[in-house]
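Subject: Structure handover

Hello,

Here is the structure for you to look over. My notes follow below it.

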Amino acid sequence: EKLRMSENNDLHIQSSSCVLCGRADDCPEKYGEKKTYVEYNLTVHYYCLLMSSGIWQRGEEDEGVDGFLIADIRKEVNRASKLVCNICRKKGASIGCVAPKCKRSYHFPCGTQKECIFQFMEDFRSYCWEHKPVQKFPVKESGGTSQCTICLDLVEQLPVYTVLKSPCCKNAWFHRECLQYQALSAGIFFFRCTVCNNKDKFQKEMLRMGIYIPERDASWELEENAYEDLLQCYQHCDIRRCLCRKGRDYSKPDSKWEIKRCQCCGSRGTHFACSSIKSWEQNWECVECRSILVKSGNYRKQTKRSLATSEKADGTACLLEEPSPKCPRQSPGSQRNILHSPKMMCQNNLSTCSHLELPASNRVRMSLSPLMSDRNWSPRKKSLRKERREVSNILKELRLQVSAETTRLNIDAENIWNSALKGFRQRNFSPTNAIEIKFTKCKSRSKTDTSAAKKRRFFQLLMLHLQNSSLFEGSSAKNLSLDFQAVKENLYFEAGKMIAVSLVHGGPSPGFFSQTLFNCLVYGPENVKPALQDVADSDVAETIKMIKHANSLSSLQSTINNCYEFLAAAGCLRPITALCDKDVLVNDLLIHHVIKRIISPLESFRQGLRTLGVLEKMQMHPDAFSSILCHKPGGLSAETLCDLFTIHSSSDVNEAESADFWMAYLQDVESGESVVMLEDILLFVTGSFSIPPTGFDPEPTVKFSHIRCPVGNRLLNCLELPITKTYEQFKNKMEFTISNTLRVERE
C-alpha cells in the first residue's frame with residue numbers, strides 16, 4: 001500500500017510539472033499559460049511547446065493542445081529525454097540553438113535565465129547566449145542614462161539583454177521586462193512604440209529581440225463592461241440651494257425633480273424645480289459656463305421672474321437659480337429694490353410655501369455696496385473663495401454618511417490629544433456616528449454653548465495640537481516628520497483619521513499642510529519633487545544649500561568630502577566628475593529627506609485620511625481641497641458675513657431700514673470703527689470664531705423683532721436684531737450686548 005501511495009504522489013507531482021521543462025512554475029508572463037489535461041495526464045507551458053525544436057502544429061486550433069497533437073507532444077518529450085541541457089545539466093532539453101554548427105540544447109526556463117533569445121514568429125527560432133542577435137547603435141548613444149517610457153524609471157543605454165532600444169525613435173529606451181508586460185496587455189493590435197506610435201517597424205524589431213506579442217485584442221478591450229462609466233450621464237444637482245428632499249442625486253424623469261444638464265459643458269446639472277425650468281426646450285447654463293459666455297459677450301441675459309409670479313402645477317414655490325454674473329449688486333440705500341428682489345417673496349404669497357421646512361422663499365440675502373463687492377478682491381482670493389465653496393459642497397455630500405446614532409466622547413481640554421485618542425479608539429466609536437462632546441475638568445465653559453459649538457471647539461483644539469505635535473515638522477507649511485514611537489503606536493493613521501472626521505463632521509480644516517505633503521497625498525510620493533524649503537532640519541538644509549550653490553568642481557568635491565557620512569546615510573554617495581552632477585545629487589537628497597525617509601508614516605497617514613472617503617475626494621478635487629488644507633481661513637470680511645447670514649422677512653415688520661443698519665454696522669466693524677470684531681459677531685451667534693469648511697448647520701439667519709437687545713441663538717444659529725429708529729441706537733445696542741456677553745463668557 002505504501003508503494004501505491006508513493007506512486008500516486010509521483011504521478012501527482014509529474015502531472016503538475018511541465019512535461020518539457022520539468023518545472024511546476026505557473027508564471028504566464030515568463031513561460032506562457034500553464035495548461036493541464038487530466039484525461040491525457042499532461043501539463044505543459046505554452047512557450048515550452050511553441051519553442052520546442054522537434055514539433056509542429058499539425059492539427060486544427062481546437063485539436064490537442066492549441067493545434068499540437070497529443071501524439072506529437074509525447075514524441076517530442078521522448079526525443080528531449082535523450083538530450084542534456086547545457087545550462088542545468090538535466091535531461092529533457094527540447095530547444096536547440098539554430099546557429100550553424102552550434103550543438104547547444106536547453107530548457108525554455110534555463111534559456112531565459114541564461115539570456116537566450118526566443119523569436120515568437122515564422123519558424124520560432126531560438127538562439128543561445130553566444131549567437132543571439134544584438135541591437136546595434138552608435139557608440140555615442142551608449143553609456144548614458146535615459147527614462148523608460150513605460151515604468152518611468154531610469155534605464156542605462158547599454159547593449160545588454162535587459163535593455164531594448166526603439167528602432168523608430170532615437171531616444172526611446174525600455175526595460176525588456178516592461179516591454180514584455182506591455183505586449184501581453186496590448187496584444188498585437190495595440191502594441192506599438194510609446195513615443196511615436198509606430199507599429200510595424202516597432203513590432204518587427206521587438207519580435208526579433210524575443211518579445212512575445214499575443215495574437216489577441218488588448219486586455220482592456222476584453223474586459224466586460226470596461227467602458228460602462230462612459231455611457232452614464234451626469235445626474236447631480238449643483239445649485240447652491242437644492243430643494244429636493246431626496247438629495248442632489250435624485251432624478252425622476254418627466255417631473256420637476258428631473259435633472260437637466262448644462263447645455264454647454266454637460267458636467268453640471270440642476271433639478272427643474274431648483275432653477276424654475278419649465279421644459280426641456282428651455283436652455284440652462286451652469287455658473288462656470290455662464291461666466292465664460294459673459295466674458296466673451298455671447299451671453300443673453302434671461303428675464304427672471306419673482307417667486308410671487310412663479311407658478312408650479314402643484315402649488316409649490318421654488319427658488320430661482322443663482323443670480324447671473326451680469327446682475328448688479330444692490331447698494332444699502334436701495335431699499336425698494338431690495339424689497340422687490342426676485343429672491344424675496346411678496347408678503348401676500350407667504351402662505352404658498354408655508355409647508356416647506358425653513359422656506360427659502362421668505363429669506364433674502366443682502367448685498368453690500370459695490371465698493372465692498374468681491375470684484376475688488378485679488379484673483380488669488382477670488383480663486384480661494386470659489387474653491388472653498390466647492391469643497392464645502394463636497395464635504396456636505398460626505399456628511400450624508402453620518403447617521404443619527406451618537407457616540408459620546410469625554411474630552412479633557414488640557415489633555416486634548418490623549419483624551420481624543422482614547423475616544424477615537426474606543427470600541428463603539430464609528431466615523432459615521434454623530435459625535436457628542438462632553439468637556440471634563442472644565443467648569444469655565446459657557447452654559448450657552450450648544451452641542452455643535454462644543455464639537456467645533458473640540459476639533460479646533462485637536463487641529464491646533466496636531467499642528468504643533470511631533471508628527472509634523474516645519475514652520476507654517478508643514479510636512480510629516482519621522483517619529484519612530486509614533487509609527488510604532490500607529491499615531492499617523494489616527495492623525496489622518498481625526499483630520500478626515502473633523503472635515504466631515506463640521507470641524508475646522510488643518511490649514512498647515514505644505515504643498516509638497518498635499519501633493520504626496522493626492523498624486524503619490526513618486527510623482528512629487530520637493531523643494532529646499534521643505535527641509536525642516538536647519539543643518540540638513542544648510543548642507544544641501546552648500547552643494548546646490550557650489551560654483552566650481554573643486555568646491556563641490558570639497559563639500560561632498562565634508563559631508564561624507566550624511567551622503568552615505570542618505571544613499572547618495574557617488575563619484576562627482578562634473579559640476580552639473582550637483583543638480584541630480586541635490587534632487588536625490590531632497591527626495592530622500594523629505595519623502596523616502598517618511599514613506600512609512602506617509603502611507604499610514606494616507607490610510608487614515610481614507611476615512612469617510614475624504615482622500616478619494618481630495619484626489620478627485622485637488623484644487624478645492626488644497627484651499628483648506630494648505631491655507632488658513634482668511635480673516636472675515638463684511639462681505640463674507642453678509643453672504644453667510646440669510647435675512648428672514650416677516651409680514652408684520654418693515655425691515656428695509658433695519659437691514660440697512662445691519663449692513664452699515666458690518667462695514668463699521670470691518671473698518672475698525674467699533675469695539676467688537678467680525679469674529680465676535682460670528683462667535684456671539686454660532687459659538688465659533690471661523691466658518692468651518694462644511695458651513696454651519698443650520699445655516700445662520702438674521703431676523704428683526706421689536707426687542708430691546710440683540711439675541712444670539714446658538715442652537716439655531718439665529719441672530720435676532722432689534723428694530724430701532726436711528727443707526728446710532730442700533731450700533732450702541734449691538735456693541736453693548738455683544739461685548740458684554742463675550743466678556744462674561746471669557747471670565
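Which residues lie nearest the centre of the second largest pocket? They are Leu154, Asn587, Asp588, Ile591 and Lys596, out of 29 residues that line it.

First, the ground rules. This is a predicted model, so local features need pLDDT of at least 70 and side-chain atom pairs count only at pLDDT 80 or more, while totals for chains, interfaces and linings use all residues. Residues are numbered from 1 along each chain as its sequence is written, and side-chain values use heavy atoms, with hydrogens and water left out.

**Pocket**

The second largest pocket has a volume of about 1,000 Å³. A pocket is an open set of points on a 1 Å grid over the protein atoms alone, with protein on both sides within 12 Å along at least five of seven lines; lining residues have an atom within 4 Å of a point. Points are joined across faces, edges and corners, and a volume is the space filled by probe spheres set on them. Strand E7 (145–147) and helix H20 (581–595) each supply at least two lining residues. H20 gives the most, with 10 residues. Helices (H or I, at least four residues) and strands (E, at least two) are DSSP runs, numbered from the N terminus. By class, the pocket lining has 14 nonpolar, six polar and nine charged residues. Nonpolar means Ala, Val, Leu, Ile, Met, Phe, Trp, Tyr, Cys and Pro; charged means Asp, Glu, Lys and Arg; the others, Gly among them, are polar.

**Cavity**

A cavity is a set of grid points where a 1.4 Å probe fits but cannot get out. There are two cavities of 30 Å³ or more. The second largest cavity holds about 40 Å³ of space. Its lining includes Asn479, Leu480, Thr516 and Val594. Strand E17 (479–480), H16 and H20 each supply at least two of the lining residues. H16 has the largest share, three residues. The cavity lining divides into seven nonpolar, two polar and no charged residues.

**Helix pair**

The axes (lines fitted to C-alpha atoms over the stretch in contact, with angles from 0 to 180 degrees between N-to-C directions) of H16 (515–523) and H21 (599–609) come within 10 Å and cross at roughly 70 degrees. That makes H16 roughly perpendicular to H21, a term that covers 65 to 115 degrees. Leu517, Cys520 and Leu521 in H16 meet Leu602, Phe605, Arg606 and Leu609 in H21, where contact means heavy atoms within 4.5 Å. These contact residues divide into six nonpolar, no polar and one charged.

Best wishes

Note on methods: Parallel < 35°, antiparallel > 145°, perpendicular 65-115°, else oblique.
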